Amino acid sequence: QAFMNLATTARDAMPTGGEQHISLKHHHLDEHAHPTSQNLPPELTPGDWIQVTLTDTGGGIPENILPHLFEPFYTTKAPGQGTGLGLSQVYGIIRQHEGYIDVHTEPDKGTIFYLYLPALIAPASESPPLPMEHLLAGQGQVILIVEDNPATRQALVQSLQLLNYRTREAANGREALQILSQQEPNQAAADQVALVLSDVVMPEMGGLALFQTLKERGLRMKVILLTGHPMGKELESLEAQGLSGWLLKPPDIDGLAQAIARALKKP
């Protein structure tokens, strides 16, 4: 909301056109360093800060307006063209996030807003991602991917091909059943679908209905379900019926490799 308000302010300051630039910069402020020594606002405390800079090539802000810039309902626009809340909202949002805002402007040279926000330090990963050569690879088995979202389905195809599996695709459970019904009884085992990797929620027929139909038809290939939410009490019942496993969407390639390898090893 803050960025949108500032972008709108910059647009309004350039009625005949111009340029707006938004940039990002990281600052580390040492305990013994004064912020002004790094051209930073004196209010900044030691630690890591993210500076977002929004620059426009508009006419600048008149000097007499600057003291009122972030005051609610203060506006120089004609009636009906603005409420005067845009920049006061920006100020409030940045302060709510324990940040600071500064502005530099010159007549006919444009305006620069500087936003300083405390950096969120992400914890180090408990274990780095495994190189491809250390992932559990397949032996060319055929996996049927059942997923209604084309982008997600393609991502799964690419991941499985990297893991040395062959793939077939279906957009829902009904298409999957049609593909499976077309397998020839005398087809080589290596060319038959060894495992079904299916989304749970899909139009026409979802993953749970597909799993139950496969059981009813006596088709014994392994099934792994993909779901956007952790499976609860129903998981124990599904595993008792032969479900090989489940994964949260989107699965990482290591988890996907391990789940498929475990499923294919089961008798």
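Two strands count as a pair if DSSP finds at least two bridges between them. Keep that in mind for the sheet I start with. One caution as well: this is a predicted model.

First, the overview. The chain has 267 residues, and 35% of them count as buried. Its secondary structure comes to seven helices and nine strands. Now take the contacts between residues at least 6 apart in sequence. Of these, 61% join residues at least 24 apart.

Now the sheet. It is open, it has four strands, and their order is S1-S2-S4-S3. The pairing is antiparallel. Which strands stand at the edges? They are S1, residues 20-29, and S3, residues 100-106. Each has a single partner strand, so one side of each lacks a neighbour in the sheet. Ignoring direction, neighbouring strands are turned by 20° against each other on average.

Look at the pair S2 and S4. S2 covers residues 47-56, and S4 covers residues 110-118. Eight bridges join them, and they run antiparallel. Ile-50 stands opposite Leu-117 in S4. Thr-53 stands opposite Tyr-114 in S4.

A helix packs on this sheet too. That is H1, residues 2-12. H1 touches S1, S2 and S4, and its direction makes about 25° with that of S2.

On to S3 and S4. Seven bridges join these two, again antiparallel. Tyr-114 turns up here as well: in S4, it is the bridge partner of Asp-102. S3 and S4 form a hairpin, with three residues between them. Asp-108 sits in the turn and has a positive phi of about 65°.

Is His-27 buried or exposed? The cut-off for buried is under 20% relative accessible area. His-27 has 8% relative accessibility, so it counts as buried. What does its side chain meet? The side chains of His-27 and Gln-51 are joined by a polar contact of 2.7 Å. Set aside the neighbours within four places in sequence. His-27 is then in contact with Leu-40, Gly-47, Asp-48, Trp-49 and Gln-51.

H3 runs over residues 150-162, which is 13 residues. From first C-alpha to last it reaches 18 Å, close to the 18 Å expected at 1.5 Å a residue.

Which residues of H3 are buried? Arg-153, Leu-156, Val-157 and Leu-160 are. They cover an arc of only 105° around the axis, which puts them on the same side of H3. What covers them? The cover includes four strands: S5 (142-146), S6 (166-170), S7 (193-199) and S8 (222-227). It also includes helix H7, residues 253-265. Now turn to the face of H3 directed away from the buried side. That face carries the exposed residues Ala-151 and Leu-162.

Last, the two ends of H3. At the start, look at Asn-149. A side-chain oxygen of Asn-149 reaches to within 3.0 Å of the backbone nitrogen of Ala-151. Just after H3 comes Asn-164, with a positive phi of about 70°.

How values were computed
Residues are numbered from 1 along each chain as its sequence is written. This is a predicted model: local features need pLDDT of at least 70, side-chain atom pairs count only at pLDDT 80 or more; totals for chains, interfaces and linings use all residues. Side-chain values use heavy atoms; hydrogens and water are left out. Axes are lines fitted to C-alpha atoms, for helices over the stretch in contact, and angles run from 0 to 180 degrees between N-to-C directions. Contact means heavy atoms within 4.5 Å. The expected span of a helix is 1.5 Å times one less than its number of residues. Buried means under 20% relative accessible area, exposed over 50%, partly exposed in between (1.4 Å probe, protein chains only). The arc is that of the directions from the helix axis to the C-beta atoms. A polar contact is a pair of N or O atoms within 3.5 Å; within protein, one must be able to donate a hydrogen and the other to accept it, and residues adjacent in sequence count only if both atoms are side-chain atoms.
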